[in-house]
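User: I have a model open and want to talk through it. Can you take my questions as they come?
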Amino acid sequence: MQNGVLQVASSVDRKGIGLRVVLDGSMGFGATNNLTKASVLNLVDDAVARAKASLKVVVEPIRMSDEGLGKDKVEIKPRIKFSNVEFDQVIEFLKEADGAVVQAAKPRGVDVVSRMFEIGTTVTHKHVVTSDGGDVESIVPRSSIFYLLVAMHPQRGSAQRFSERGESRGWEAVESWDIISTMKQEGEVIGRMLAEGVPPPNDQVDLLVGGEVVGLVCHESSGHPQEADRIMGREAAQAGESYLSMSSLGMEVGSPVVNVVEDPTLPRSYGYYLYDEECVRARKRYLIKEGKINEFLQNRETAAASGGTSNAAARAVSYDREPIVRMANTYMEPGDHCFDDLIGEIKHGVYIKNFTEWNIDDRRFNQKYVGHEAYQIENGEIGTPVRNPAIEITTVGFFKAVDAVGKDLKFWSATCGKGDPMQGAPVWTGGPTTRLRNVRLGGASA
Amino acid sequence: MKADEIVEFVVRKAKKAGATDSVSQVRESHWSMIRFTNNGVTVSKVVKDTSVGIFLFIKEKRAGSVISNVSEEAIEKAVFDVAKMAKLSPSGGTYAPLPKGKFKYNKKLLEVGKATAKIERPPEVVKDAIDSARSAGAARVAGSLTSETVRLTQRSSGGPNGSYRATSYNLNVRAFADGESTGQFAAAANSLDGLDGREIGRVAGDVAKRALNAEPAQPGKFDVVFGPMTTADLIEEMAGAASAFYVDAGMSFFTGKLGQDVAPSHFSLVDDATAPSSPGAVPFDDEGVPTQANPIVNNGKLLTFLHNSTTATKMKTNTTASAGLVIPKPFSLQVSSGNGTIEDLVSKVDEGLYVTNNWYLRYQNQRSGDFSTILRDGLFNIKNGQVAGPVRGLRLTDNLVRMLGNIEATGSKRYWIKWWEVDTPVLAPAMLVRGVRFTRPTI
């Protein structure tokens with residue numbers, strides 16, 4: 001829906017088979033949606049032939065680590081099936097959300113000129129079988145909503161905000177998000193930031209960073225650089241490598257209060273799975289423990305190459321994509337501080353609650369997060385809105401500046417991009433409000 | 001059913017289900033890729049897929065579906081479901097009937113490119129690229145070689161129907177002289193013979209070698225020479241912002257600027273899918289209208305937004321044969337060439353930067369064009385008109401409208417660029433832009 005008008009309703013129904021073969025250390029992958037026996041056998045021959053044709057250019061023969069593989073069926077049953085939701089109910093819901101954000105921004109003379117909403121529901125039915133005994137079937141429903149807002153003020157220009165919600169549940173997830181209230185809040189905030197925001201301070205400040213930003217930092221700056229395939233160079237020509245090496249386990253990258261967790265098994269989570277695409281049982285993983293690199297994300301290929309074991313990080317978003325090392329749900333483990341404690345000990349600082357822009361280099365070290373809802377902090381109190389403060393910082397710089405972690409853990413959803421061809425994987429990012437000391441905002445410029 | 005029978009069946013069933021307009025596509029794709037890392041192949045992939053696209057209007061109410069089951073029963077059910085979705089959609093949008101009539105398509109565009117039958121040949125090209133990059137100074141080489149042949153059969157209820165087959169290849173090579181000293185180059189062509197793996201590898205390896213021993217870069221405002229890889233990325237963003245859908249939605253930095261001078265008079269940007277030698281060449285758009293050359297920026301003036309029938313009706317103009325059924329899109333972009341080599345562009349800069357590649361472009365504000373992107377691979381100081389030592393660690397933080405206005409010159413040599421970061425093929429030269437802002441981390 002664009003500006004209150006439904007642009008299109010669409011559905012996609014895809015079914016196919018993907019297969020991976022390893023021939024004398026050369027890997028072939030094939031996929032098709034033509035499921036006749038002849039077509040599938042032809043595909044097998046083709047994948048094997050391609051693996052064979054590339055044999056003379058293979059330098060590091062590929063093998064799979066030995067793992068205890070699952071035989072199981074995992075099914076999430078939605079409380080409200082998507083097929084039971086009336087289409088006009090969805091439209092009315094989106095229209096109400098659209099109207100709410102417009103109305104909420106108006107009192108400050110701000111016009112939300114562009115509103116885009118996308119609501120999506122999917123059911124993924126997978127059956128993975130491996131030649132060494134794995135056999136796992138899964139059925140997982142997912143719900144999501146994405147919105148992008150552009151607001152304008154006659155004298156103060158424009159501002160942009162986007163966000164996403166997603167869970168591995170039925171329509172009951174959408175109902176639980178209370179999007180109408182969220183949009184009222186978004187409209188009020190974008191109006192306030194645009195109409196009243198002042199430039200960020202350019203001296204050194206303490207930062208209070210909201211869970212939405214902290215979750216993204218954990219994803220971008222801990223999750224990605226700790227993917228073993230990146231470290232080993234398998235994504236080198238696309239998403240890049242890592243500032244870490246396989247010998248970086250134990251390396252201190254943050255303060256002792258920093259603990260970053262990766263856990264596919266979180267109930268309801270957008271990145272939920274109990275077995276990965278190689279039939280390895282998923283578990284909670286500490287990527288950073290007490291400020292030190294604790295564990296990498298591994299699939300069976302990287303585990304065999306590094307002499308370790310898989311921790312079930314192999315994911316493929318569709319039958320026509322090869323399984324590669326991916327995150328699922330990455331978050332900063334909560335501490336024991338309440339919000340008032342965190343802010344109360346800041347004399348001069350900025351509270352950056354959420355973000356509107358970010359990027360990071362391909363070694364996952366140099367990153368930028370531009371705040372959307374942000375405020376000055378003076379003597380422990382929230383003050384004037386601050387417009388688009390930019391945290392431009394290194395990975396180690398961020399994690400080492402953390403001196404206290406809140407207990408208000410929350411999750412946001414995202415679609416993580418990686419692979420060639422691109423695979424957009426559903427993930428959660430999460431964090432509690434977190435405090436950083438002595439940071440200069442805005443990026444260094446002459 | 002064969003592809004032409006399927007699309008005819010869909011349009012017939014859509015009319016029976018109450019559609020005022022409908023269009024159907026059968027897409028038969030044969031895609032393959034070789035990925036390589038650390039000087040060796042890591043995986044060889046092949047995907048063979050057929051899908052049926054169903055898109056219908058009931059006046060301004062629109063709905064669509066893509067299905068992979070091509071049985072008659074499945075297609076009929078999908079058409080019924082799509083029609084039901086459309087009927088239930090609210091009124092209120094713009095109704096533009098799909099273009100009517102029988103169009104003649106350029107015969108040269110009905111069969112574009114040439115697929116290589118031998119599966120032994122792509123690994124040889126990969127090996128050539130790796131060897132060449134290593135000879136030029138790389139210690140490690142990674143990348144991907146992709147090929148795709150698509151046969152697309154389409155029918156619209158307005159009358160247009162046709163079919164074409166298009167083959168394209170692209171090769172992306174990244175060379176590492178050490179962990180952080182890297183160079184990357186990519187190219188696209190309509191045949192494997194059109195890709196010079198050795199040259200692409202040589203360029204990547206050479207940049208990587210020259211990037212060794214880089215110093216931390218100083219942030220600030222500089223005159224910059226962008227290599228073709230970065231030009232392609234920035235141009236793709238600009239062409240995307242020229243899609244009338246985004247302009248109309250208020251999400252484009254070109255909103256309100258049609259007819260205005262947005263670049264110097266020497267600069268032009270055209271979306272042209274009509275040249276058979278171009279990657280991205282197609283005979284018709286998703287509404288069946290014959291493709292044409294669309295001058296987005298002509299001699300500095302923002303001349304054309306990219307339209308389908310709906311956006312054209314809304315803005316009281318004609319389609320530019322750029323459908324996307326919902327969002328108009330570019331197919332094959334060409335930047336005007338200027339005079340001189342990259343060295344000639346560099347010679348015009350007293351103190352500045354030579355940027356060979358970038359990635360991860362994100363907008364702080366799509367409406368204003370405020371954005372930032374990370375520089376990657378070889379980045380060099382320019383001093384007194386010459387490329388000086390390598391540097392690293394910068395982020396380009398600026399505004400695309402401002403940068404477009406500050407393009408001082410483009411190079412004479414252009415390259416077809418398409419890779420992981422650039423989806424639409426761009427014929428891109430090097431480009432000199434004055435006064436570009438760069439930042440870096442504070443701690």
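This is a predicted model: local features need pLDDT of at least 70, side-chain atom pairs count only at pLDDT 80 or more; totals for chains, interfaces and linings use all residues.

User: What span should the 14 residues of helix α4 of chain B have?
Analyst: Helix α4 covers residues 197–210 of chain B. At 1.5 Å a residue it should span 20 Å. Its end C-alpha atoms are 20 Å apart, which agrees.

User: Which sense does its pairing with β16 of chain B take?
Analyst: Antiparallel, over 5 bridges, with β16 at residues 370–375. The bridge partner of N365(B) is D370(B) in β16(B).

User: And which residue in that hairpin takes a positive phi?
Analyst: G369(B), near 90 degrees. The hairpin of β15(B) and β16(B) has 4 residues between the strands.

User: Now chain A. In what order do the strands of the 6-strand open sheet run?
Analyst: The order is β19-β18-β15-β8-β24-β21, all in chain A, and the pairing is mixed. Its edge strands are β19 (381–385) and β21 (402–405) of chain A, each pairing on one side only. Neighbouring strands of this sheet are turned by 30 degrees against each other on average, direction ignored.

User: Zoom in on β8 and β24 of chain A. Parallel or antiparallel?
Analyst: Antiparallel, over 5 bridges. Strand β8 is residues 204–209 of chain A, and β24 is residues 434–440. L207(A) has L436(A) in β24(A) as its bridge partner.

User: On to the interface. How many residues does each chain put into the contact?
Analyst: Chain A gives 75 residues and chain B gives 76. On the side of chain A that touches chain B, the residues divide into 31 nonpolar, 27 polar and 17 charged.

User: Which strands pair across the two chains, β3 of chain A and which one of chain B?
Analyst: β3 (residues 26–32) of chain A pairs with β2 (residues 40–58) of chain B. The sense is parallel, over 5 bridges. F29(A) stands opposite K45(B) in β2(B).

User: Overall build next. How many helices and strands does chain A have?
Analyst: Chain A has 9 helices and 24 strands. Its radius of gyration is 23 Å, close to the 22 Å that the globule rule gives for 446 residues, so chain A is as compact as a globular protein of that length. Its C-alpha atoms fill a box of roughly 65 × 55 × 40 Å along the principal axes. Of its 446 residues, 54% count as buried.

User: How many helices and strands in chain B?
Analyst: Chain B has 9 helices and 21 strands. Its box is roughly 70 × 50 × 40 Å. Buried residues make up 62% of the 443 residues.

User: What radius of gyration does chain B have?
Analyst: 23 Å. A compact globule with 443 residues would be near 22 Å, which agrees.

Technical notes
Residues are numbered from 1 along each chain as its sequence is written. Chains are lettered from A and ligands numbered from 1 in the order in which they are written. The expected span of a helix is 1.5 Å times one less than its number of residues. Two strands pair if DSSP finds at least two bridges between them. Axes are lines fitted to C-alpha atoms, for helices over the stretch in contact, and angles run from 0 to 180 degrees between N-to-C directions. The radius of gyration is taken over C-alpha atoms; the globule rule is 2.2 Å times the number of residues to the power 0.38. A residue is buried if 20 or more other C-beta atoms lie within 10 Å of its own, exposed if 12 or fewer, and partly exposed in between; C-beta atoms are placed from the backbone. Two residues are in contact if their C-beta atoms, placed from the backbone, lie within 7 Å. Ala, Val, Leu, Ile, Met, Phe, Trp, Tyr, Cys and Pro count as nonpolar, Asp, Glu, Lys and Arg as charged, and the others, Gly among them, as polar.
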